[in-house]
Amino acid sequence: MTLSPRARAAARLAAVQALYQHDMEQTPLAGLLDEFHRHRLGAEIEDDQYVAADVPFFDDLVKGTLARRDEIDAMIGTKLAEGWKLERLDRTMLQILRAGAYELLARADVPTATAISEYLDVAHAFFDAKEAKFVNGVLDAVARAVR
């Protein structure tokens with residue numbers, strides 16, 4: 001069964017949120033996935049109904065990004081401007097880049113332009129145009145290196 005593109009977009013946004021939570025609170029993976037499955041994906045929170053997410057896709061993004069985090073961080077680090085380090089990035093920005101880089105590395109079923117565009121949309125949910133342009137540049141450089 002193929003879910004709508006909106007279900008994958010919802011999975012990407014939720015994956016970035018889950019990665020952020022893991023990064024900030026060191027929430028164990030099993031508990032993190034369970035919390036998102038039961039309380040966040042497709043849920044109604046404060047009278048807002050969230051789009052049902054592609055749960056297997058969400059799980060792959062979170063598990064895969066965490067499993068390959070060192071590799072992903074090293075790759076992202078090589079794409080930053082001289083003098084910039086991962087530690088200098090906003091924590092949400094870093095999770096967007098990690099998830100996007102993972103998708104470009106590991107999800108050949110997703111076209112490059114789609115992956116980059118989707119993470120630009122996620123970036124726009126949190127940041128202004130300047131930061132979104134930064135996401136575009138880094139993910140484009142990652143894509144050129146891995147695809």
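Is Trp-84 buried, exposed or partly exposed? At 33% relative accessibility, Trp-84 counts as partly exposed (buried is under 20% relative accessible area, exposed over 50%, partly exposed in between, with a 1.4 Å probe and protein chains only).

Colleagues, this is a predicted model, in which local features need pLDDT of at least 70 and side-chain atom pairs count only at pLDDT 80 or more, while totals for chains, interfaces and linings use all residues. Residues are numbered from 1 along each chain as its sequence is written, and side-chain values use heavy atoms, with hydrogens and water left out.

I turn to the rings. The structure holds 3 aromatic pairs (rings of Phe, Tyr and Trp, the last by its six-membered ring, with centres within 6.5 Å; planes under 30 degrees apart are stacked, over 60 edge-to-face, the rest tilted). One of them joins Trp-84 and Phe-134, tilted, with 6.5 Å centre to centre and 40 degrees between the planes. Trp-84 lies in the loop between helix 4 (69-79) and helix 5 (91-106), and Phe-134 in helix 7 (residues 129-146), so the pair ties together parts 50 residues apart in sequence (helices are DSSP runs of H or I, at least four residues, numbered from the N terminus). Phe-134 is partly exposed as well, at 28%.

Finally, helix 4. Its buried residues are Ile-72, Asp-73, Met-75 and Ile-76. On the other side of helix 4, Asp-70 and Thr-78 are exposed.

Terms used
Helices (H or I, at least four residues) and strands (E, at least two) are DSSP runs, numbered from the N terminus.
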